[in-house]
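I opened my notebook for a first look around this structure. Here is what I looked up, entry by entry.

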Amino acid sequence: MEFFWGRGQESRRLLLSLLLLAAWKMGNGQVHYSVLEEAKHGTFVGRIAQDLGLELAELVPRLFRVASKERGDLLEVNLQNGILFVNSRIDREELCGRSVECSIHLEVIVERPLQVFHVEVEVKDINDSPPVFPGTQKNLFIAESRPLDSQFPLEGASDADTGENALLTYRLSPNEYFSLKKPSEDERAKRLGLVLRKLLDREEAPEIFLVLTATDGGKPKLTGTVQLHITVLDANDNAPAFDRTLYVVKLPENVPNGTLVIKLNASDLDEGLNGDIIYSFSTDILPNVKSKFHIDPVIGEIVVKGYIDFEESKSYEILVEGIDKGQLPLSGHCTVMVEVEDTNDNVPVMEFKSLSLPIKEDASVGTVIALIRVSDRDSGVNGQVTCTLSSHVPFKLVSTFKNYYSLVLDSALDRESVSEYAVVVTARDGGSPSLSAIASVSVEVADVNDNAPTFAQPEYTVFVKENNPPGCHIFTVSAQDLDAQENALVSYSLVERRVGERALSSYVSVHADSGKVYALQPLDHEELELLQFQVSARDAGVPPLGSNVTLQVFVLDENDNAPALLPPGAGGVDDAVSELVSRSVGAGQMVAKVRAVDADSGYNAWLSYELQPTAGGARSPFRVGLYTGEISTTRALEEADAPRQRLLVLVKDHGELPLTATATVLLSLVESAQAPKTLSQASVGVVRAESALVDVNVYLIIAICAVSSLLVLTLLLYTALRCSAPPTESACAPGKPRLVCSSAVGSWSYTQQRQQRVCSGEGPSKTDLMAFSPSVPDSGDREDQPATGDSLSKVSL
């Protein structure tokens, strides 16, 4: 007699699983291969490079590699031809146990840029495992008084294969006493059993030997056998009987030791020792059941004595015997199915793979930074894991495949704002209460050269005294760059141009590292009043970025030019001023004038005149105007006065350390009869001087107004040209000669044929006019009145 165990319902479940698996694979679109277990080394599996759309030439440069969360040495890829082949022995039973589905999940990772592919290789079963019984012999003790159709459970064989290869058919050796019991489809525990078909007679057959054979459905078929040794017992004719043959108990995992699983109750109709029952586990029980549970032999309580873990085993099948104490003991049997309920006792596990760090700050949105794999050993909602990111980070998680997430860039980065992010990933399962795990990764932002050096202000004004020593430090420019490392390494240089006939680099230089600006030669205010140029700051990035700053160097005047006497008029002797003076001139009459100029400017060019005392200390009848240089009489001349008067006039400027010059004035006193023409000319000269004084003042006022109007017009035109046309560099032109005017009360003088240059490179040269405004004197002492504070003005032309 033979039958197929579980062929109907098992086949339907297998078919349904295969259909669901095929539908799931079609939805995921992953590459799928299959290979038979026990395939030889080098067996072809598939053209993985071609199926993934990768070129063979880019496998090595892009760091093509294959990883799996199972044993990574089972399969390998030939990088020369892109073929996936068997690398080592694949044992399906070792890899997946009794699971219907068995696949090797490969993670194919390609760098530059990062790509992740998922490949599933199904391991198909071959019939390489025969059916195996728990032992080679089974001893049964059966009383001869047992009625017909009595059933005696047997432990079936197990087959490590799956599918058709694991569908077992049992056959009992021919005999007249027993037949095999076929379990019904609705029974939870599909167990074999012997059915008594003929009453036993110990005197006729005290022992019966049978052979139970199990045959699987593979090709070729494999078999396993167990010998049944049946001992026929005498007397005690009532066996213990349990309330049910099958008990189903749900037990949460992680319960403490001593937890009651179930209390069994068996009854025996006999009396005395024949009715006393002893409970025990069947000899066919698996070792892991004995290590987890204990049964009280007297009261029949089954309690927990080991660690119950749902992830280790989801159910336990406990075979219990109830044996009475009769001289010929009888036994009853039942099965306790302990179904372990999952509790949320495993936290999610995260694993970072293929970190692409650091990330450049100009990386595009969507750049993959890391691959994260999460797992949870629990089942159902307890094993469903969701991942979240810490807030306020420019990243996001994208679910790619099953429990795989990609950490990608979600918004633009700026290293100058944030140079490093602490990204915290939280994985939380769906249990109640839920468990979570936290993993953090530090994402460093790499710098790119996106910031040019900047100066604190676009223009600096520097004042330098003329006659500076060559190579003196006049200013330091400093630019800041927000980038890092070589991108923030700033060097300085001059923006070269022409200054007149010479190059700018002949005047100044700048240190490339420190930004210090040096004057290479002494500067002369009389030659160059303003030197305007630009300094460039550039970083060391690729490509370099830079910016310019403008320096306006004003050369300040120093009193380095002494007053210079103008050449005397006709009739002078050498450098002396010679004049004929009539003895009849009255007090306060001008008889001569000393003229001098100073090449400096401002107070350094403001001249004053002093009459030096004579040798004998005698009081001279002449005096000199303090600011006009005009020599006039202090009293009427007398006969006692020497006919030749030698006057020394000291000309002095108003510098901090004043410089001087000395003029000699020779006056010859003559009688009015001896030089009528001269006297008349002198009288006419005085009259003309009186009238010319008014004319000069009027002309001076008109000239000042004209110059001021011209200045305003020039400035307006210059501003309009600057706004309408780009600036052009031009050489500094020499200044025009300065106007020297004289009056009875003051000297309007600045330079004598002086050439000044104001070098900015953005317009024509400018000249300065220092004016001491004259005023009409009220009396003969007009020469003693100094110029007021308002009389000194500097006008730029």
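This is a predicted model: local features need pLDDT of at least 70, side-chain atom pairs count only at pLDDT 80 or more; totals for chains, interfaces and linings use all residues.

**Entry 1: a covered strand.** I started with strand E30, where both faces are covered: Tyr404, Ser406 and Val408 are buried on one side, and Tyr405, Leu407 and Leu409 on the other. I noted that six of the six residues in E30 (404-409) are buried. Buried here means under 20% relative accessible area, exposed means over 50%, and partly exposed is in between, with a 1.4 Å probe and protein chains only. Strands (E, at least two residues) and helices (H or I, at least four) are DSSP runs, numbered from the N terminus.

Residues are numbered from 1 along each chain as its sequence is written, and side-chain values use heavy atoms, with hydrogens and water left out.

**Entry 2: the partners of E30.** Which strands are joined to E30 by bridges? I found strand E27 (residues 368-375), antiparallel to E30 with five bridges, and strand E29 (residues 395-401), also antiparallel, with six bridges. Two strands pair if DSSP finds at least two bridges between them. Leu371 stands opposite Ser406 of E30, and Phe401 is opposite Tyr404. E29 and E30 make a hairpin with two residues between them, and Lys402 in the turn has a positive phi of about 50°.

**Entry 3: an open sheet.** Next I looked at three strands in the order E18-E22-E21, which form an open sheet with antiparallel pairing. E18 (260-263) and E21 (293-295) each have a single partner strand, so one side of each is left without a neighbour in the sheet. The twist averages 15° from one strand to the next; axes are lines fitted to C-alpha atoms, for helices over the stretch in contact, and angles run from 0 to 180 degrees between N-to-C directions. E18 is joined to E22 (residues 301-304) by three bridges, and I saw Lys263 opposite Glu301 there.

**Entry 4: salt bridges.** How many salt bridges does the structure hold? I noted 19, each being a side-chain nitrogen of Lys or Arg within 4 Å of a carboxyl oxygen of Asp or Glu.

- Arg197 pairs with Asp149, with the closest N and O atoms 3.0 Å apart. Arg197 is in the loop between E13 and E14 and Asp149 in the loop between E9 and E10, so the pair ties together parts 48 residues apart in sequence. Arg197 is partly exposed at 46%, and Asp149 is partly exposed at 49%.
- Glu671 pairs with Arg583 at 3.6 Å between the closest N and O atoms. This pair links distant parts of the chain, 88 residues apart. Glu671 is partly exposed at 30%, whereas Arg583 is buried at 12%.
- Glu630 meets Lys593 at 3.8 Å, N to O. Glu630 lies in strand E50 and Lys593 in strand E46, so parts 37 residues apart in sequence are tied together. I found both Glu630 and Lys593 buried.
- Glu38, Arg89 and Asp91 are linked in a network of salt bridges.

**Entry 5: cysteines.** I searched the whole structure for disulfides (a pair of cysteine sulfur atoms within 2.5 Å) and came back with zero. Cys334 is buried at 4% relative accessibility, and Cys472 is buried at 17%.
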